[in-house]
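Q: Could you walk me through this structure, starting with the strands? I am new to it.

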Amino acid sequence: MPNVICFNNVTFSYPDEEQSILKNLSLSIRRGERVVITGPSGCGKTTLLYLCNRLFPDNCDGILTGSLELFGKDSFSYIPGEINHRIATVFQDPDAQFCMQTVEEELAFTLENLHLPREEMEFRIYEVLHLTGLSEFRHAIIQKLSGGQKQRIATACALIMEPEVLLLDEPIAHLDPYTAIKYVEWLDQLQIKRKITIIAIEHRLDLWGDFFERNIPLNKTEDTTPLQKRNTSIQENASFLANSISAKPFLQEVSFTLNRGEITVLAGPNGSGKSTLLKALCQLIPFNGTVQPERLGYVPQSPEFLFLTKSVHEEVAFGGGNDVDKMLTRLKLIPISDAHPFAVSHGQKRRVAIAAMLSDGREVILMDEPTSGQDTAALSELFQLLDERSRAGTTFLIVTHDMEFAYCLADSILLLNNGRLTGKFPAADVWRNENLLLTHHLLPPKGLMEREACFT
């Protein structure tokens, strides 16, 4: 099969950066291939995708040397925007690509840019919604949907252009485990049907099975010790109380207590109300009920909403935090400490927000998907930091779809479904309860299955 993308000794540098983000990169991707790009956070994976779709260097001041061919032609021979209906992209942060209010309007807007007649637009919208299982969301307001639902809608917006190449930047990062596997199965059938070329960036390869034909590593990840299940450090006195928390129109009354030093994972299907609950607890949206204490640390799903300063170092130190340089070192942020927080990778942005909260001395910290975009080394260090802080008395409530991370870290699990709290359970009771896992779109963690296999 012919090459659709070909890098020949490509080097790419951002303005004012001494080191090139990509250096002497050569690779080719054939038509119809399924390729995954791997490597540590910040190594240039997203930059590579942006070169493939001509977002870079058209929309930044970066310096590109070497040659890059798209469909057998030099990439510079395409005018801005010309290539984007043949090479479609699902971005790491789906919010970054939405322009319209509702799902239907967003899909129609995409087709209007292709100058399609109205009759064909209607057929394409119906077809892609049916194909992606999103028909019920046709008239939904996008910003009221969960992160996982937005991810699927962003994929539908890319597919409606009927592209030859689909670029995916961590497409299952915000999907619950069950939905992630269904997404991979659906993408598999789509690729077989349409013979589309798929290039994905991914850290969570275990959920993809044998989907990819080839792995292109940009950098070797540091060797790290596999996560081990932590010993509990809960102290027998309550540090956090949520009493009858509800938020219109979806979140029903939720009440629970967390003890000092307890690490609790909040889990459930996409759209079940997890992020809404965290925002209500932090008093970021109108809600009923009471929360104690009122002053909480919070790392949102889109960490850039926290940023107020012009450098990573200033951001971590902004709240008057302690041991800022030590925190930057442990979360591998020293190399970008002078960079603007908005100019670093998605995974690095998340670590900046985490570092700021951990340095701020809050007694209770809420985190929404802290593992998204993190490589193995970063996950290992995050695990160690949370374990240490819990032993010092910090209480954590964490939304995550990473079941391995949750298995190793969590003392207890809060299960949420359709806006209602199923209950709070000891973590060990959840992993072996098939009914609870199934009804909340969860899977047994890989670590549990491997450990149990050793004793059978």
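A: In strand E16, the bridge partner of Thr264 is Leu397. This is a predicted model, in which local features need pLDDT of at least 70, side-chain atom pairs count only at pLDDT 80 or more, and totals for chains, interfaces and linings use all residues. Residues are numbered from 1 along each chain as its sequence is written, and side-chain values use heavy atoms, with hydrogens and water left out.

Q: How do E12 and E16 pair?
A: E12 and E16 (residues 395–399) pair in the parallel sense over four bridges; strands are DSSP runs (E, at least two residues), numbered from the N terminus, and two of them pair if DSSP finds at least two bridges between them.

Q: And E17, how does that pair with E12?
A: E17 (residues 412–417) also pairs with E12 in the parallel sense, over four bridges, and the partner of Val265 there is Ile413.

Q: Is E12 buried or exposed?
A: Five of the five residues of E12 (residues 263–267) are buried, so the strand is largely enclosed by the rest of the structure; buried means under 20% relative accessible area, exposed over 50%, and partly exposed in between (1.4 Å probe, protein chains only).

Q: Which way do the E12 residues point?
A: Ile263, Val265 and Ala267 point one way, while Thr264 and Leu266 point the other.

Q: New topic: how many disulfides are there?
A: The search of the whole structure finds zero disulfides, a disulfide being a pair of cysteine sulfur atoms within 2.5 Å.
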